Amino acid sequence: MRRDEPETARDETVTPAPALALGAAPDPVDARLGSRLAELRAEHGWSLGELAERSGVSKSTLSRAERAETSPTAALLNRLCNVYGRTMSQLLSEVEAAPAPVLRAAEQQVWEDRAAGFVRRSVSPPHGGLRGELVEGRLAAGADIAYDRPPVPGLEQHLWVLDGSLAVTAQEVEHLLDTGDCLRLRVWGPTRFRCAGPGETRYVLAVVRP
C-alpha cells in the first residue's frame, strides 16, 4: 500500500470472510487465532496501519480477524505468515487448545543427569505460547555443572534457593546463595552452578524467554 492511499484501501485479492452474525459467539479456534495474531503484532510493535502496509490487507479486515469477528481465510493467513516469518503449520500449532492449567506432581517431567548429580523437574504445565516457566533443580553434594552458552541469548532467570547453598557464576562473577536467597540475572554467556554446601542443594528456577 502506498502511504498516500486511504487507510481503508486493501488488496482485493484477499477476500475477507463474512462477519459473525450479531450476538454470535466466535469459534474457539478463531478466538485463539485472533488473540495470537494480536500478540504477534504487539511483539513487533506495529500498528494496524503498519501491518496493513506490510501485508496488503485492510486495517478493518485485520482488526476483525484479531477480534475474532470474522474467520480468517487461508489467503489472509498466508499473507500474515509471510509478514511474521512463519509457516501456516507453525502459526496454527501456536493456537492449539491450551493444555490443562494444572500439572500434578506425579505428572511433572523429571530428567536426571546421573553423572553430574543433577535432577531437573519441570514444574509448570507445558504451553508453547507462554514465555515463563518454573523448574526445580537438585544438585548433589559436590555437583558442579557448567554451561558454555544459554539456550536463548538474553534469557531471564530468577534463582531461589530452597535448601542448602549454591554458587552461581555468570559474567565471570560468582554469587554465593544460601537458603532463602534469590538471584536475578540475564544470561548472555557461560554460567556455572555449583553445590557449595556439604549436603544437597534444592532450588527453584524461574525462566522467562525474551
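1. A friendly place to start is strand 8, where Glu 156 has Arg 186 as its bridge partner. One step along, Gln 157 is partnered in strand 8 by Leu 185. Six bridges in total connect strand 5 with strand 8, and the two run antiparallel. Strands here are DSSP runs of E with at least two residues, helices are runs of H or I with at least four residues, and both are numbered from the N terminus. Two strands count as paired if DSSP finds at least two bridges between them.

2. Before going on, a word on the basis of these remarks. This is a predicted model, in which local features need pLDDT of at least 70 and side-chain atom pairs count only at pLDDT 80 or more, while totals for chains, interfaces and linings use all residues. Residues are numbered from 1 along each chain as its sequence is written, and side-chain values use heavy atoms, with hydrogens and water left out.

3. Strand 5 also pairs with strand 10, in the antiparallel sense and over seven bridges. Within that pairing, Val 161 has Tyr 203 of strand 10 as its bridge partner. Both pairings belong to an open sheet of six strands in the order 1-2-3-10-5-8, with antiparallel pairing. Its edge strands are strand 1 (110-113) and strand 8 (182-187), each of which pairs on one side only. From one strand to the next the twist averages 20 degrees. Axes are lines fitted to C-alpha atoms, for helices over the stretch in contact, and angles run from 0 to 180 degrees between N-to-C directions.

4. There is another open sheet to look at, made of four strands in the order 4-9-6-7 with antiparallel pairing. Strand 4 and strand 7 (173-177) are at its edges with a single partner strand each, so one side of each has no neighbour in the sheet. The twist in this sheet averages 15 degrees from one strand to the next. Strand 6 (residues 166-170) and strand 9 run antiparallel and are joined by five bridges. Thr 169 is found opposite Arg 192 in strand 9.

5. The largest pocket is worth a careful look. It holds about 430 Å³ of space and is lined by 22 residues, with Tyr 147, Pro 151, Leu 155, Gln 157 and Leu 205 nearest its centre. Strands 2 (118-122), 3 (132-139), 4 (144-147), 5 (155-163), 9 (191-195) and 10 (201-208) each supply at least two lining residues. Strand 3 gives the most, with four residues. By type, the lining of the largest pocket has 13 nonpolar, four polar and five charged residues. In this scheme Ala, Val, Leu, Ile, Met, Phe, Trp, Tyr, Cys and Pro are nonpolar, Asp, Glu, Lys and Arg are charged, and the others, Gly among them, are polar.

6. On a 1 Å grid over the protein atoms alone, a pocket is an open set of points with protein on both sides within 12 Å along at least five of seven lines, a cavity is a set where a 1.4 Å probe fits but cannot get out, and lining residues have an atom within 4 Å of a point. Grid points are joined across faces, edges and corners, and a volume is the space filled by probe spheres set on the points.

7. A search of the whole structure finds one cavity of 30 Å³ or more.

8. Finally, helix 2 (residues 48-55) packs against helix 3 at an angle of about 110 degrees, with the axes 9 Å apart. That makes the two helices roughly perpendicular, a class covering 65 to 115 degrees, whereas under 35 is roughly parallel, over 145 roughly antiparallel and the rest oblique. Their crossing is right-handed, meaning that the near helix is turned clockwise from the far one by less than a right angle, with anticlockwise being left-handed.
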